[in-house]
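I opened a new notebook page to look up how charged side chains pair up in one protein. The entries below follow the order in which I checked things.

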Amino acid sequence: MSELTLTALRLGLLVVLWLFVLAVVGVLRADLFGTRVTARRTDRARPRTPRGEAAPAREPARPARATLVVVEGSLRGTTLALGTAPVLIGRGPDCTLVLDDEYASTKHVRISADPAGEGWVVEDLQSTNGSFLGRDRLSVPRPFEPGTPLRIGKTVLELRR
């Protein structure tokens, strides 16, 4: 082999080695600092009428104002005001409440307003380790009453008015 070919191979190997090192550093950094939380847009465009004016907003039936409180786990003390939009809880960065719990699934549970407008409903989203409302494992959507503990892995949440 010529000296030029040998030098080119050495430099190529050096570049591949550095790319590998940078990839390892990136993975370690992601493991140490966790997932990146992105800001969400809260202003939603209102529908327009054919003439271009904003359509009047309809008020859906709302349950009484409630707050979701983390009472056990790494996020202990965290509160989340519940509105009309469903709340998604899990480890995924697209969840409303992102848990730092290895026993939680990416999308673990959904809490939404009861269609009758009288309270809240909690639903397990086919999580691996399951969710427990009180002492019962969630298998179907069930009413979420204030004061009843909701266990997701090592995290316990409670609904308060």
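**Entry 1**

I looked up Lys154 and found it partly exposed, at 47% relative accessibility (buried is under 20% relative accessible area, exposed is over 50%, and partly exposed lies in between, with a 1.4 Å probe and protein chains only as cover). I note that this is a predicted model, in which local features need pLDDT of at least 70 and side-chain atom pairs count only at pLDDT 80 or more, while totals for chains, interfaces and linings use all residues. Residues are numbered from 1 along each chain as its sequence is written, and side-chain values use heavy atoms, with hydrogens and water left out.

Which residue forms a salt bridge with Lys154? I found Glu102, with the closest N and O atoms 3.2 Å apart (a salt bridge is a side-chain nitrogen of Lys or Arg within 4 Å of a carboxyl oxygen of Asp or Glu). Glu102 sits in the loop between E4 and E5, and Lys154 in the loop between strand E10 (149-152) and strand E11 (155-160), so the pair ties together parts 52 residues apart in sequence. Strands (E, at least two residues) and helices (H or I, at least four) are DSSP runs, numbered from the N terminus.

**Entry 2: Glu123 and Arg110**

I looked up Glu123 next and found a salt bridge with Arg110, the closest N and O atoms being 3.1 Å apart. Glu123 belongs to strand E6 (residues 120-124) and Arg110 to strand E5, so this pair joins parts that are 13 residues apart in sequence. Glu123 is partly exposed at 26% relative accessibility, and Arg110 is partly exposed at 31%.

**Entry 3: Asp94 and Lys107**

I then checked Asp94, whose side chain meets that of Lys107 in a salt bridge (3.3 Å, N to O). Asp94 is in the loop between strand E3 (87-90) and strand E4 (97-98), and Lys107 is in the loop between E4 and strand E5 (109-113), 13 residues apart. Are these two buried or partly exposed? Asp94 is partly exposed at 44% relative accessibility, and Lys107 is partly exposed with a relative accessible area of 40%.

**Entry 4: The whole protein**

I counted six salt bridges by this rule. Of its 161 residues, 27% count as buried.
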